[in-house]
Amino acid sequence: MEFEPVIGMEAHAELATKTKVFCGCSTAFGAAPNTQVCPVCLGLPGALPVLNKTAFEYVIRTAIALNCTITEKTVFDRKNYYYPDLPKNYQISQNYACIGYNGWIEINVNGEKKQVGMDNVHLEEDAGKNLHPETGGAESLVDLNRAGIALMEIVSRPDMHSADDALAYMETLKNLLQYLEVSDCKMQEGRLRFEVNISMRRKGEQKLGARAEIKNLNSMRTALKCIEYEIKRQTDILSNGGKLNQETRLWDEASFCTRAMRSKEQAQDYRYFPDPDLVEVHIMPEWQEKIRRQIPELKDAKLARFIADYGLPEYDADILTSSKPLATYFEQCQKFHNNPKSISNWIMTELLRELKCREMEPDDCPVTPRHLACMIKMIDEKTISGKIGKQVFSEMLTTGKMPDVIVMESGMSQILDEKEISAIVEKIISENQDTVESIRAGRDKAMAFLVGQIMRATRGKANPQLVNQILKDKISIK
Amino acid sequence: MSLKRISPDDVRHVALLSRLRLAEEEIPPYTDVLNSILEYFAKLNELDTSSVSPTSHSIEMRNVFREDIPQPSLPVDKAIANAPEVEDNYFRVPKIIQEM
Amino acid sequence: MDIHTLTLAEAGKQLKQKKITSRQLTQAVLQRLKSVEPQIQAFLSIAEKTAFTQADEADRRIAEGGDISPLTGIPIAIKDNICTADAATTCASRILENFHPPYDATVIAKLRRAGVVFIGKTNMDEFAMGSSTENSGYKITRNPWDRERIPGGSSGGSAAAVAADAAIAALGSDTGGSVRAPASYCGVVGLKPTYGRVSRYGLVAYGSSLDQIGPLTKDVKDSAIMLNALAGHDPQDSTSANVPVPDYTSACGKDIKGLRIGIPKEYFAEGIDPEVEQLVKNAIRQMESLGALPIEISLPHTEYAIPCYYICAMAEASSNLARYGGAHYGYRAKNAGNILEMYSKTRAEGFGTEVKRRIMLGTYVLSAGYYDAWYLKAIKARTLIKRDFELAWEKTDIIAAPVVPAPAFKIGEKSADPLTMYLSDIYTISLNLAGMCGISIPCGFSKKGLPVGLQLIANIFKEETLFTAAYAYEQSAGFFNRKPPL
């Protein structure tokens, strides 16, 4: 019996607004506990919410980009449940009239294009953070700085059928949200979070099996592992004639598996009803149009522009525009120093390798566009060689120092003085007469050995073009 | 609509949803009084509301916003001043069990 | 001279003319308060020390002769569900016993800027859920006219304090009649402004779509002075109306010739005490003699108002009161082993019986499988009730009605059966469902010497019409000169 997974996803993205969704508290990440709270987001008696216009518009912008139908009259509802990170013990969300419905997004799975449908896009408030004691302590600690941050929920249709589909969906969605400039999507800071719904069905059948809802996925890698695990778990149970329960499961990073949190039978009854503290929001066509016009340049347009304006090969432009932060990084470099192809090469090799292995966003990298552009400028001006450049790059990465400072402090600047280089070349020739003879006899490859000796003697600082030139001259003159 | 009386189990369920611990001996009197109130409320069933739209706000208003401009937050000592228990400026609560 | 008996208008005038100081006035009011408090039990906290500081500050302002408001230096009492920064705000609930909000309600901030002297916080039904102030978690307030009887609720402390001259004026809140009913029972003037006229920011929510802060005063003009100070758009309350605020005092003194007074026949049907009916009808005749034109109108959905109101209010309350669980502020039960136990024990120990009943019913009508049959049904009925009034406004300028079916009942008389208590709200709740404004003014006394109120109702944002009619009636009737026997 063959089973096919049916996967749907709920994405929660914290919006990139300066203030929370219903009050003026800052949304800056990493503040000391309970320092970004006020009567509203603390849920104090008597305090009332007032909607952040920018947050609302960001959700409209996203809904438009996801090809949704925009709801004319939207309302906010209260979702009632008790949890200490939810100070009012209800969450302001949207249930009866979300901002957008029935959209779709195109994903590319290993070269194959697919569409994933969107059920709805809506706006709600984030909860605070609970710190659970690691060592079985009896108490938990609550920080409400995050409580009330604008949270956009994007609910997909169960249109995905493999871990690859899900990964492509997550990457495409993250990419789009970054391009829309509605969220920085930093998963490591919890600004973008995914929940997965998985069920299995017999191939060729329409009927869905019991669904598991998995929470607590804090990176795409985790989500991927969890989907793979869950597909296997469910397939195993079904293949052995077992029965699955509709349930919520938690991904347990430590033991690398999912475990049941609560079954749907004892599910919460959220008692949604319209929030009397907030009024209807009517999204008139003119407003929608205005927001549509505010949508920033998206990937395809940027790619075309990178080719046209910077003369980059399509391959380069495609990689550079693969994420909005990376494209921005490139353009910032270009502002400091005009050499698009060289900047592109450095980004595609050194920078991307380091970002990937550090799981870091470009704007969090200690090598800022200013660092990189300045270093490339030094190469272009022949202050350092490309090879030294690589050393400088890794030094910038660890110390965050500017390249000119690094070069000055470690005396890495290039030797461009012909006399100085000639003296070294002569010394190496005299120490390697045999090699010189073999070159003269036609073994050109032995040149590389001599160049290597010269570079070593200058600790890589001699200008390679000059070394080659002078070496050739000296050998053939004799 | 026929009206089903609420049972002691319904009362227990609603009390759990409401996070109100009721002693076993409180269940019957609550069941009685809630039923008598609901019986009276059921008068609404005399009304035909099939073509009536709901009113959740008394005055019709729409599109009320604030601009995305930061305002000062409370000083942390004021934010936690009313807390029953605190630790290092965090609110401290009994252990959170997932299966609730 | 007993300056604590002054009306707000008179006291303001004497302060401005420097015949009295705010310190003298505050002293007199606090003295009166202390002497009558053992009999009426109207206050939950008295702010003597800060009151004198505020009085001295007011006196300085008056001496400097600069920016003086009609409220500068006036001692006022505040219902204990309105947040006052750093001073206890308990909503008469054990669950907020030691709660000191770190912020002022918008109305408090406004009154502070006007130079008001805050003398204390008044008793009420817990979280404003009740019609008699017997549901307080702390004490039972007594009617100054007969201490065996209730002062009405839920703003019973504020009404009793004003009736007893223990405050020059007071703030209450009205979700289904909680300002107007106690005003009627205590023989003072109580105003429920249009929903959105006065900011709710800092008013501890009971039924958010119904709640509105309103003043309790000794006469109609004082009510207009108070509304001048309270009304206005507040960017912190999304439901606050961005509508210009007229000078309400200038509406007092206009004549009512040709003013159409609608008399809803459903409000004079069965259930009304004959004495109350007589007094209200006398009042309407009196207004007719002043040139008003009474006409009979119909509000056909009146009989559905009570279930409709209670379902809406309880549903909202069940969610509004969810936050009192002991996690971040307020009471927390001892010895809770886990979070579920903390919530359930805290709420069981912290809330009184009526509050628990309403939370459970509100939870029930919103819960899965029951939403459509109960909550949705009720908010549809609300549309019908609202429509009744909209049709009425085509025929009339104002509606005259009783406030409550009978004069103040005895303490304990209705506590056994919550439903009988709910039924006493029949004439006041429709307004809240429709968002309109209403005022209760004394219109006479029962044979037992208990005050009876006349309710005038006007369309949204028509408070001026209310004041014109109420003032004209009050001036010709003159009942407000009678004082309770304390």
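A salt bridge is counted here when a side-chain nitrogen of Lys or Arg lies within 4 Å of a carboxyl oxygen of Asp or Glu. By that criterion, the count between chain A and chain B is one. The side chains that form the salt bridge belong to E139(A) and R92(B), at 3.7 Å from N to O.

The model is predicted, with local features requiring pLDDT of at least 70 and side-chain atom pairs pLDDT 80 or more, while totals for chains, interfaces and linings use all residues. Residues are numbered from 1 along each chain as its sequence is written, chains are lettered from A in the order in which they are written, and side-chain values use heavy atoms, without hydrogens and water.

To continue with the interface: chain A contributes 55 residues and chain B 35 residues to the contact, where contact means heavy atoms within 4.5 Å. About 3900 Å² is buried between chain A and chain B, 59% of it on carbon and sulfur atoms; buried area is the accessible area (1.4 Å probe) lost by two parts on being put together, summed over both. Of the area that chain A buries against chain B, 14% comes from Y82(A), L141(A) and V279(A), more than from any other three residues.

I turn now to a helix pair in chain C. Helix α9 (residues 305–320) of chain C packs against helix α12 (residues 371–392) of chain C at about 125 degrees, with the axes 9 Å apart. Axes are lines fitted to C-alpha atoms over the stretch in contact, and angles run from 0 to 180 degrees between N-to-C directions. The contact includes C308(C) and I311(C) of α9(C), and W374(C) and I385(C) of α12(C).

Notes
Helix = DSSP H or I, 4+ residues; strand = E, 2+ residues; numbered from the N terminus.
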